[in-house]
Amino acid sequence: MGNSLLKKLYSPEEFKKQGEKLLTEITTHISKTTTGKSSKTLTWNTPDKELLFWKTFLKEGKEEDFFPEILKRTTHTHHPKYVGHQVSAPAPITLLTAMTSALLNNGMAVYEMGMAPSAIEKVVTGIICDKIGYDDQSSGLLTSGGTLANLTALLSARKAKIPQDIWNEGYNKPLGIMVCEQAHYCIDRAAKIMGLGEKGIVKIPSKTNFSMDISQLEVSYQAATEKGIKVFAIVGSAPSTATGAYDDLNAIANFANEKDIWFHVDGAHGGAAIFSDKYKHLLSGIEKSDSVVIDGHKMMLMPTITTALLFRNKLRAQHTFSQKADYLLNDEVEEDWINSGKKTFECTKTMMCMHWYILFKFYGEKVFNEYVTRQYDLAKDFEEILVADPNFELAASPMSNILCFRYLDSSKNDKDLNDLNARIRQNLLEDGEFYLVQTRLSGVHYLRTSLMNPFTTIHHLTALLSKIKEVALTIK
Ligand SMILES: Cc1ncc(COP(=O)(O)O)c(C=O)c1O
C-alpha cells in the first residue's frame, strides 16, 4: 500500500497499541463505576460549553485524551446512582460482541453477508418466541430499536387485517389503532407515519394506576366505528414508559379476538419479565398476542441498539415489506429466514444478535431471571421507604422497576410544588452524584427513577432521598 495514511489507518500494531490502552481505561471505568468509587454519575456541562470543547478539541486536543474525555463527558449507566432513563448498564462481555460486529461489518441484508449472524438471529428469536409461549409457527427478527420495531409490527398488522392491497395501491379510507393514553410516544409516531392521522389514534384512558382502563375499550371502539374509522390493531404496553404500569394483556387479547383486530404488545421495557419466574405473571396473555417487541438495550443488559420483534405467525414476519398483497401469501410457503433485509426496515444492520446469543450461551437465561427479579424487587423496597416518609408522595405503586414520586411541602400550592420538583431535578442534574429524570402526569411534576443498574441497592436509594431533602431546603 503506497498511501502512508491508509497504511497507518489499518496498521494492526497501531490498533493493538490503541486497543490495549482503551481496554485498560474501560476496565478501570467499569470497576470505578460499578463499585460506586467514582463520586459522580455525570459531570454536567451546558450544551454551549460542551460544543465549544469539542470544536476546540478537534484542533488542539491530544489524541490520547479522546477516549478519556468521552468517558468523562458522558452519563455513567454503570454507576449504582444512575437511576435515570431506561437504558441498561451493558454487560461487559457485550462490549466484545459490539466490537466484533463493528470489525466484520456484515450488514446481514442477504445471507452471504452474515451467515453466522443470520443463523444466530434465528436461534435467539426462537428462544424468545418459546419464552413468550408462542408455538412452532412463530418467528421473529432483530431490528434497530423499539420505535422501529413497533412501526414494523403495526405495518404488518395493517397488511394482515385490511383486505385491500394498501402497500401497492394506497388507501384513502380512515383507519385506526387503539392504545392507552400512557403508551410510549413512538406508537403515535408510527400511526402518523402510516398516515392514520390524529383521529386514527384511538386513545384509551388510563386508570389511577396509569394502566389501560379496560372498561373503556368497547365504548372507545364504538365511538371510532361511528366516526367511520376501521380499527385494525390494539397495542398493550408492557409496561408503559412514564410509570412502568403493565396493561391487562389477557383482557386486551380477548377484546382483540372478539373484534378480529391485531393484538400487539409493546414490551420494549418490561417484555423481559418473561424471563422472571416471579414477575412473568405481569405478562399473562402475551402468548395470545400477534406480535411482541422486546428491547435488548433496556432490561436485557445489552448495549444500544438491539430489539426483538416476534410474530405468532411466522409468515407475518416476512410479509410486512413484501410486494405481494396479503391474500397472496401462502401458508404452505416456507419461511425465508435467511435474507434478513426482506423483513426489516434496515437494509444494513449491525450483528446485534451476538449480544443476545453470548448472554444465553455464557450465562444462560437465568441471568435475566436474576436481573429482572432483582430490579423489580428493589422497586418494591423503594416504594416502602417512600410511603413511610411524609416528605414524599408516590404517583402509583410500582408494577415494574420504574417509580415516579415527588417531594412534598405543605406550605406550597400545586404550581409551586411543580416548580420545586423541577428545580430539585435540575439541581441534582448539575450536582451529578445521582442521575434521575422527571415526568408530568395529569399536570403533576414527578421525579422519575428507572432502577436499571444491577448494583443499585436500597442504601443508594435512601441516600438519594436524603439528597433530595437537602437540595429542597437550599431551594426554599
Ligand atoms: C414502552 C416503550 N416502547 C418503545 C420505546 C422506544 O424504544 P427505543 O428507544 O428502543 O426506540 C420505549 C423507550 O423508552 C419504551 O419505553
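Visitor: Which helix gives the most to the lining of the second largest pocket?

Guide: In this predicted model, α7 gives the most, with three residues.

Visitor: What makes a residue part of that lining?

Guide: A lining residue has an atom within 4 Å of a point of the pocket. By that test, 27 residues line the second largest pocket, and Gln86, His184, Tyr185, Thr241 and Lys298 are the ones nearest its centre. Two or more lining residues come from each of α7 (146–161), α9 (185–193), α12 (296–299) and β10 (437–441).

Visitor: Why is the second largest pocket said to lie between two domains?

Guide: Domain 2 (98–362) and domain 3 (367–475) both contribute to its lining, so the pocket lies between them.

Visitor: How is its lining divided by class?

Guide: There are nine nonpolar, 13 polar and five charged residues. Gly counts as polar here.

Visitor: What volume does the largest pocket have?

Guide: Its volume is about 1600 Å³. It has 43 lining residues, with Leu22, Leu23, Ile26, Phe67 and Leu71 closest to the centre. Leu, Ile and Phe count as nonpolar, and the whole lining of this pocket holds 21 nonpolar, 13 polar and nine charged residues.

Visitor: Which element supplies the largest share of that lining?

Guide: That is α2, with 16 residues. At least two residues each come from α1 (4–9), α2 (12–34), α4 (66–72) and α5 (93–104).

Visitor: And why is the largest pocket placed between domains?

Guide: Here domain 1 (10–76) and domain 2 (98–362) both give lining residues, so the largest pocket lies between these two.

How values were computed. Residues numbered from 1 in each chain as written. Predicted model: local features only at pLDDT ≥ 70, side-chain atom pairs only at ≥ 80, totals over all residues. Heavy atoms only, no water. 1 Å grid on protein atoms, 1.4 Å probe; cavity = no way out; pocket = protein on both sides within 12 Å on 5 of 7 lines; lining within 4 Å. Points joined across faces, edges and corners; volume = space filled by probe spheres on them. Helix = DSSP H or I, 4+ residues; strand = E, 2+ residues; numbered from the N terminus. Domains from an automatic or database assignment.
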